[in-house]
2 protein chains.
Amino acid sequence: MAQVNPTVGDLDGNCRTIADYARRAHDAGAHLAVFPELAVTGYPVEDLALRNSFVSASVKAVAALAERLADDGLGELPVAVGYLSRRAGVGERYGQPAGAPQNAFALLYRGRVEVTSAKHHLPNYGVFDEFRHFVPGETLPVVRIHGADVAFAVCEDLWQGGGPVAAARRARAGLLVTVNASPYERDKDNVRLELCQRRAREIGAVVGYVNMSGGQDELIFDGDSLIVDAEGELFARAPKFEEDLFVTDLALPDARERAGEDPTSEDRGESVDGVRVVRHTLSAEPVAAYAPEPPVLTPRADPASDVGEVYRALVVGVRDYARKNGFGSAAVALSGGIDSAVTTTVAVDALGADRVHALLLPSKYSSEHSLTDAEDLAKRQGISARTVAIAPIVAAFEESMALDGLAAENLQARVRGTLLMGLSNQEGHLVLAPGNKSELATGYSTLYGDSVGGFAPIKDCWKSLVWELARWRNAQAERAGAPAPIPENSISKAPSAELRPGQVDTDSLPDYDLLDGLLDAYIGTDKGMRELTTAGYDPELVQRVIRMVDRAEYKRRQYPPGPKISSRNFGRDRRLPITNRWTPTA
Amino acid sequence: MAQVNPTVGDLDGNCRTIADYARRAHDAGAHLAVFPELAVTGYPVEDLALRNSFVSASVKAVAALAERLADDGLGELPVAVGYLSRRAGVGERYGQPAGAPQNAFALLYRGRVEVTSAKHHLPNYGVFDEFRHFVPGETLPVVRIHGADVAFAVCEDLWQGGGPVAAARRARAGLLVTVNASPYERDKDNVRLELCQRRAREIGAVVGYVNMSGGQDELIFDGDSLIVDAEGELFARAPKFEEDLFVTDLALPDARERAGEDPTSEDRGESVDGVRVVRHTLSAEPVAAYAPEPPVLTPRADPASDVGEVYRALVVGVRDYARKNGFGSAAVALSGGIDSAVTTTVAVDALGADRVHALLLPSKYSSEHSLTDAEDLAKRQGISARTVAIAPIVAAFEESMALDGLAAENLQARVRGTLLMGLSNQEGHLVLAPGNKSELATGYSTLYGDSVGGFAPIKDCWKSLVWELARWRNAQAERAGAPAPIPENSISKAPSAELRPGQVDTDSLPDYDLLDGLLDAYIGTDKGMRELTTAGYDPELVQRVIRMVDRAEYKRRQYPPGPKISSRNFGRDRRLPITNRWTPTA
């Protein structure tokens with residue numbers, strides 16, 4: 001199982017990676033190599049799926065890959081990959097995705113694309129839009145490989161009860177392999193493990209789950225590929241977040257022993273519940289017995305630390321967004337506050353201290369500690385830091401246009417944003433926006449001010465989680481005997497935008513502990529007004545906060561992308577109307 | 001038929017509008033009043049559909065509306081409305097929209113919600129995401145009203161061949177009424193008319209089509225409600241874009257005369273093709289014969305002018321976006337160029353000259369005519385115009401940070417953006433961004449510079465269409481004997497961003513005639529590399545332009561919303577990955 005990290009659209013690069021890993025699998029003696037969903041194209045392809053020439057390029061790439069593997073002497077190794085294909089023989093149909101694209105599966109063998117199928121269950125919730133992009137597959141391939149019957153399905157097909165899962169059971173497969181592109185979510189790995197365990201017991205077969213790794217735009221794939229045996233016991237597991245290959249030995253039932261059983265509807269080629277089993281034979285004879293490798297069970301880095309895992313996800317997100325978009329470096333405006341401190345620290349861990357450039361942009365309202373805390377952080381982490389006082393620029397604006405109140409406050413944030421974008425354009429850095437999820441939820445930010453940037457590393461982290469991340473990262477440094485990267489003062493002081501004298505966040509927002517609890521109940525678990533007040537929140541506060549969230553959609557729509565760490569983010573997985581006059585009253 | 005203009009979330013206001021129009025329909029002697037899809041909640045509701053408390057509010061609102069109509073003495077008038085509901089008796093199911101919401105239909109009668117059903121075919125392409133938001137309905141109500149059998153369906157149900165349309169035929173309905181929220185697209189009105197004509201002939205029934213009117217965020221509903229008779233002849237038609245009520249008389253077959261026919265599967269309550277006919281009787285006796293009103297056929301304003309229709313759509317878009325979001329005025333940066341000239345003119349037509357505020361922001365690279373053309377336009381249209389030279393502010397930035405090349409060019413655009421946002425924050429105007437679709441497609445704009453704003457009126461108009469709109473608007477003024485609102489020089493001069501000496505757009509882009517043709521073939525009709533080169537475009541140019549389009553997604557994601565006038569816009573109806581390494585080669 002190879003949990004590779006493809007790049008969307010880089011068909012050549014992705015196929016090169018697959019060939020490299022197939023070579024390593026072959027050299028380790030593997031009888032089957034498995035790669036993730038859409039490994040050939042990268043995931044998600046979005047509306048590229050509707051572009052005929054892109055689908056054709058994917059179909060050609062997978063055929064060329066099969067030949068290349070054979071040319072490389074790997075033809076006898078069956079290689080399972082996800083790719084983008086199309087359903088043949090369907091004309092244009094009103095409401096059907098143009099060109100009938102499919103989220104497809106191919107088994108490559110002896111220089112040919114030997115077996116193909118496509119994802120049957122298409123997810124269309126959260127970050128997934130697959131009804132828009134794909135038409136469903138209607139077959140479950142069951143392939144005899146060295147005498148064992150191996151069924152192959154794609155991602156969502158494992159999550160839904162009917163269809164492919166039921167067909168695999170009725171077809172009496174000895175192994176069900178699913179290829180996946182399943183994004184990271186806090187606590188999701190146990191959900192996946194439990195799902196595989198349940199399915200293994202239902203089907204009575206070993207279940208192998210190979211997932212993508214790495215960051216792609218807003219999605220972070222956490223790898224964590226695993227195998228559970230037919231009793232549902234965890235048998236093998238790959239590390240999280242990293243590209244990895246693991247090779248392990250499975251004892252699978254000899255399919256010939258099932259020959260005497262009654263033929264099922266599957267054996268007669270009938271479609272049940274929209275899925276038809278199609279059998280193939282690559283090699284009917286089992287391999288001779290040999291001493292198995294021990295199961296691979298990569299130890300969890302720090303299984304107790306949910307916060308540490310979030311931190312890793314953010315680092316992977318920044319690393320891959322920069323790399324895949326051709327940025328070698330990042331720029332951040334360092335304010336001395338907690339958000340920019342954590343954003344910068346993540347960037348340094350992702351890219352290295354020599355590739356992170358800080359701007360310190362004090363105004364006349366900046367407190368003494370803002371500058372000293374920012375300088376302290378830059379020194380601790382060894383990053384370049386330049387200081388530009390914004391007062392002369394703000395004064396030049398104010399000479400041209402009289403601004404006061406909120407307009408004057410926002411002006412300062414926009415001067416900072418313009419300086420940061422100037423540095424980025426001049427030197428080629430990826431600008432990182434420091435906004436957190438509490439800010440995004442409530443609209444507590446300045447459009448084109450602190451919100452500028454190409455990527456927003458902590459946009460899916462509540463403010464309280466940002467503090468936890470800072471503490472976790474400092475503690476981790478301490479455990480390693482290194483100095484804390486984040487100044488204690490940045491963690492402990494009261495948060496403030498410092499856009500007017502003496503301003504603190506609690507002037508406009510409730511205390512973050514209260515606010516984040518309420519926001520998480522409202523957005524994270526979709527509780528309504530009544531449930532929230534029953535849970536003890538003040539009705540007036542609930543109404544005020546819901547209003548803030550609903551009215552800030554116009555700002556969120558223009559916010560840079562950022563890594564998702566929860567199933568209830570903003571963006572496609574929670575898209576509100578911009579105009580919305582509704583205020584819940586009960 | 002009342003083609004009202006609801007506001008998303010304003011349940012009280014929308015129900016008040018419905019009650020007002022129902023009163024007018026009643027007073028005009030109507031026997032049935034019909035309102036659009038989701039008229040109670042507004043359309044689109046986006047992820048509000050997944051919010052339990054919002055669905056409950058909609059269900060309550062429609063019940064209260066029924067009572068209110070009866071209290072107002074309108075209880076005997078059956079009122080058909082679209083609203084948001086939920087399917088009862090379905091538990092949570094993996095992958096199913098939370099709470100099983102439905103895009104529902106209700107017939108209100110004698111103080112009660114007498115009949116309900118829900119949209120069966122859910123569109124999930126272009127701007128529609130309905131698999132994400134709704135579960136499909138499974139019934140077609142056929143209601144006997146004054147002795148005629150009237151079937152009711154929702155929007156997409158008319159576009160798809162099977163399901164409700166076929167059920168209406170088999171149920172031998174005399175009239176099929178569909179309630180719609182169908183957005184404007186260039187040339188779509190004939191498509192709708194032809195669809196209604198085809199369906200009327202298929203079903204052998206009169207078809208009534210009521211559509212929403214007005215702008216809601218990015219969607220512009222163009223009204224254009226219509227009725228075709230059972231032979232497919234256009235019988236009645238409402239005006240475009242405006243709220244309107246029309247009352248007309250139909251001679252419908254007496255359902256009792258069909259009593260002797262053989263019972264069909266529908267009559268036995270069986271489900272065919274996923275749809276079950278449910279019959280209701282409000283009033284079995286036909287009304288006594290009376291002299292019918294003549295058919296209503298609103299003459300098209302200017303049926304030959306496609307460009308004029310686009311212009312009206314933009315005006316409605318700006319008017320309703322401002323109104324529904326609580327803005328009484330707009331601000332624009334007037335450069336003397338064609339884009340800001342058309343943007344401003346649309347704003348003046350939408351809001352009135354006294355509510356549009358122009359900023360003239362010349363730099364040291366601005367040519368003489370930039371300022372004079374901008375001043376000329378402001379004078380012609382009588383709008384307030386303030387001039388702020390940006391040089392001192394640009395100088396203040398450059399004293400603090402050395403910028404050259406593209407970084408220095410972008411700085412000027414960002415200083416302008418910051419001034420415009422400052423004015424907006426200070427005085428409360430909606431900022432309009434002047435970007436056109438050619439710019440958005442190729443990324444020829446400055447993030448946080450000319451792209452700032454709350455709404456972008458011409459973002460779905462190719463540059464060549466922007467010129468056509470200007471010429472059309474001037475010609476329209478001429479026809480009315482008024483002076484041309486747009487200076488001829490703004491139309492005829494070579495377009496330039498004026499961010500460096502002597503710069504013109506063609507330094508970076510092909511000629512717009514060529515570019516727009518290519519972009520429209522690529523984006524508008526999804527032609528691939530091969531088709532484009534076969535059509536005569538230079539392969540190198542095609543590759544360069546496709547690359548520009550694909551690489552500019554990060555900018556488009558942060559662009560303000562704007563009215564859609566085509567089915568191939570950017571945004572949800574064409575969403576590319578941000579990271580995309582694919583370049584077509586053949």
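Biologist: In which helix of chain B does B:Glu409 lie?
Modeller: This is a predicted model, where local features need pLDDT of at least 70, side-chain atom pairs count only at pLDDT 80 or more, and totals for chains, interfaces and linings use all residues. Residues are numbered from 1 along each chain as its sequence is written, chains are lettered from A and ligands numbered from 1 in the order in which they are written, and side-chain values use heavy atoms, with hydrogens and water left out. Helices (H or I, at least four residues) and strands (E, at least two) are DSSP runs, numbered from the N terminus. The run that holds B:Glu409 is helix 11 (residues 405-427) of chain B.

Biologist: Is B:Glu409 buried or exposed?
Modeller: Buried means under 20% relative accessible area, exposed means over 50%, and partly exposed lies in between (1.4 Å probe, protein chains only). The relative accessibility of B:Glu409 is 10%, so this residue counts as buried.

Biologist: Which residues does B:Glu409 contact, leaving aside neighbours within four places in sequence?
Modeller: Contact means heavy atoms within 4.5 Å. By that test, B:Glu409 is in contact with B:Leu499, B:Arg500 and B:Gln503.

Biologist: Where is B:Asp254, and is B:Asp254 buried or exposed?
Modeller: B:Asp254 sits in the loop between strand 14 (244-245) and strand 15 (271-272) of chain B. Not counting residues up to four places away in sequence, B:Asp254 touches B:Gly147 and B:Pro286. Its relative accessible area is 17%, so B:Asp254 is buried.

Biologist: What distance separates the C-alpha atoms of B:Asp254 and B:Ile523?
Modeller: Along the chain, B:Asp254 and B:Ile523 are 269 residues apart.

Biologist: At what angle do helix 15 and helix 17 of chain B cross?
Modeller: Axes are lines fitted to C-alpha atoms, for helices over the stretch in contact, and angles run from 0 to 180 degrees between N-to-C directions. The axes of helix 15 (residues 512-524) and helix 17 (residues 539-551) of chain B come within 11 Å. Their crossing angle is roughly 65°.

Biologist: What word describes how helix 15 and helix 17 of chain B lie to each other?
Modeller: Angles under 35 degrees count as roughly parallel, over 145 as roughly antiparallel, 65 to 115 as roughly perpendicular and the rest as oblique. Helix 15 and helix 17 of chain B are therefore roughly perpendicular.

Biologist: How many nonpolar residues are in the contact of helix 15 with helix 17 of chain B?
Modeller: Helix 15 of chain B contributes residues including B:Leu514, B:Leu518 and B:Tyr522, while helix 17 of chain B contributes residues including B:Val542, B:Val545 and B:Asp550. Ala, Val, Leu, Ile, Met, Phe, Trp, Tyr, Cys and Pro count as nonpolar, Asp, Glu, Lys and Arg as charged, and the others, Gly among them, as polar. This contact has 1 charged residue and no polar ones; its nonpolar residues number 11.

Biologist: What word describes how helix 10 of chain A lies to helix 11 of chain A?
Modeller: The axes of helix 10 (residues 391-400) and helix 11 (residues 405-427) of chain A come within 10 Å and cross at roughly 125°. That angle makes helix 10 of chain A, relative to helix 11 of chain A, oblique.

Biologist: Which residues of helix 10 of chain A make the contact with helix 11 of chain A?
Modeller: By class, this contact has 7 nonpolar, 1 polar and 1 charged residues. Helix 11 of chain A brings A:Ala408, A:Leu411, A:Gln412, A:Val415 and A:Leu419. Helix 10 of chain A brings A:Ile393, A:Val394, A:Phe397 and A:Glu398.

Biologist: How many of the 19 residues of helix 7 of chain B are buried?
Modeller: Helix 7 (residues 306-324) of chain B reaches 27 Å from its first C-alpha to its last, close to the 27 Å expected at 1.5 Å a residue. The expected span is 1.5 Å times one less than the number of residues. Helix 7 of chain B is largely enclosed by the rest of the structure, because its buried residues number 15.

Biologist: Which helices do the buried residues of helix 13 of chain B pack against?
Modeller: Helix 13 (residues 463-479) of chain B has 17 residues. Its buried residues include B:Leu465, B:Trp467 and B:Trp472. In chain B they pack against helix 7, helix 8 (338-351), helix 12 (437-442), helix 14 (488-492) and helix 15.

Biologist: Which residue does a cis peptide bond join to B:Tyr43?
Modeller: Omega of this bond is about 0°.

Biologist: What is phi of B:Glu46?
Modeller: B:Glu46 is in the loop between strand 2 and helix 2 of chain B. B:Glu46 counts as buried, at 6% relative accessibility. Its phi is positive, in a residue other than glycine, and near 50°.
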